[in-house]
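I look up one thing at a time and note the convention behind each term when I first use it.

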Amino acid sequence: MTALDCDVLVIGGGIVGMSTAYAITRAAPGTRVTVLEKEAGPARHQTGRNSGVIHSGIYYRPGSLKARFAVRGAAEMVKFCAEYGIPHEVTGKLIVATERSELPRLHGLVQRGRENGIPVRELGPAQIAEYEPWVRGLAAIHVGTTGVCDFGAVAARLARLAQDAGASVRYGAHVRTIGRRPSAVAVRTADGTVLRARALVNCAGLHCDRVARLAGDDPGMRIVPFRGEYYELVPSRASLVNGLVYPVPDPAFPFLGVHLTRGIDGGVHIGPNAVPALAREGYAWHTVRPQELAGTLAYPGSWRIARRHWRYGAGELRRSLSKRAFTDAVRRLLPDVTADDLIAAPAGVRAQAVLPDGTLVDDFLISQSPRIVHVLNAPSPAATASLPIGREVARRVLETLRTG
């Protein structure tokens, strides 16, 4: 039998991949783990290109993985950041209804928060002003467990902790092929290196469905990338926002709407919207990868999303193409903002799993096949929930090692 290079290969060096490597080394010391990341460092995509919010878990269906892991993960993330000196702050946030039609959904969030064990306080207009003097709304709820942190720094620390425990992290290692035999899994990277392991974990984020197919598995879904575009307030106007302010989300769409986030650096990020990206890593309209775009357009689920949510999508597209329209969306929460107060900030891309019938997968999705664990849907709040997700993936892959 050919000698194995390690016990577990992890594809993907974002926060979920690094958390998985860390969790394996903690749960089973001595297990040989190698992380393969195609970029030159960790957290270059979803992890490092989001608003940095530690989510409370209030939005998610009680009993779902998102609800359980976000609630648990938020507390663990704050503790992890404090232990390792990573910038963070528990700011709390307001979810604000600006129209009467939103009030039933806001009350529904109160109930959902309580079912998920999250402390929630209901506010009237005068109480909103106590937290955020410049924000206007008919009613709001205050969620005290929400915060902000530097998730990129968290991923880098998890990588170092895993390495300190014996794991190997290889950057610039782009996996091109995967082969599977009864006793092992082998990968070949772009430079021709071949690595063999007893098991493999797919944490490839924006490319997780493609990696699953490389391994010979049918993931049953496809990643449809959505770009989230951000602005930030000019420094002289940052005092308009004290903490975090969110609109009441649309229950039909798993995006949280344009929100206001005072980050750990004191700057205020505003966004994101959600528009189709023209590449898996399409952080701007001019970034187009024809083969990837053709794959998205050929997928039946993409067209079914478009038909089902075209009104929502048209509004998002308008806000992407028109700064005035984006500003109008912000002014629903923050009436004193003008277009001159907003400056463009780096965009992110959400790796959203979509089923063939056009259903947007609304929970974390983890699947298994012989010797492989696939993380197939881990957009927000995956960064918040990354420590519990990592433990769950580690549990599954270690069970594979024991039984295989």
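I began with helix α1, which passes α11 in a right-handed crossing (left-handed if the near helix is turned anticlockwise from the far one by less than a right angle, right-handed if clockwise). The model is a predicted one, where local features need pLDDT of at least 70 and side-chain atom pairs count only at pLDDT 80 or more, while totals for chains, interfaces and linings use all residues. Residues are numbered from 1 along each chain as its sequence is written, and side-chain values use heavy atoms, with hydrogens and water left out.

**α1 and α11.** I found that α1 (residues 15-27) and α11 (residues 386-403) pack at about 55°, with axes 7 Å apart; helices are DSSP runs of H or I of at least four residues and strands runs of E of at least two, numbered from the N terminus. The axes are lines fitted to C-alpha atoms, for helices over the stretch in contact, and the angles run from 0 to 180 degrees between N-to-C directions. That angle makes α1 oblique to α11 (under 35 degrees is roughly parallel, over 145 roughly antiparallel, 65 to 115 roughly perpendicular, the rest oblique). By class, this contact has 11 nonpolar, four polar and one charged residues, where Ala, Val, Leu, Ile, Met, Phe, Trp, Tyr, Cys and Pro count as nonpolar, Asp, Glu, Lys and Arg as charged, and the others, Gly among them, as polar.

**α1 and α5.** I then looked at α5 (residues 151-164), whose axis comes within 8 Å of that of α1 and crosses it at roughly 30°, so the two are roughly parallel to each other. The contact (heavy atoms within 4.5 Å) includes Met18 and Tyr22 of α1 and Phe151 and Leu158 of α5, and its residues divide into 11 nonpolar, two polar and no charged. The crossing of α1 and α5 is left-handed.

**α10.** In helix α10 (residues 323-331), I noted Ala325, Phe326, Thr327, Ala329 and Val330 as buried (under 20% relative accessible area; exposed is over 50%, partly exposed in between, with a 1.4 Å probe and protein chains only). Their cover includes β13 (222-233), α9 (310-321) and β18 (342-354).

**Glu122.** Glu122 lies in strand β6 (residues 120-123) and, at 39% relative accessibility, counts as partly exposed. Leaving aside residues up to four places away in sequence, I saw that Glu122 touches His107, Val110, Arg114, Gln127, Ala140 and Ile141. The C-alpha atoms of Glu122 and His107 are separated by 8.7 Å.
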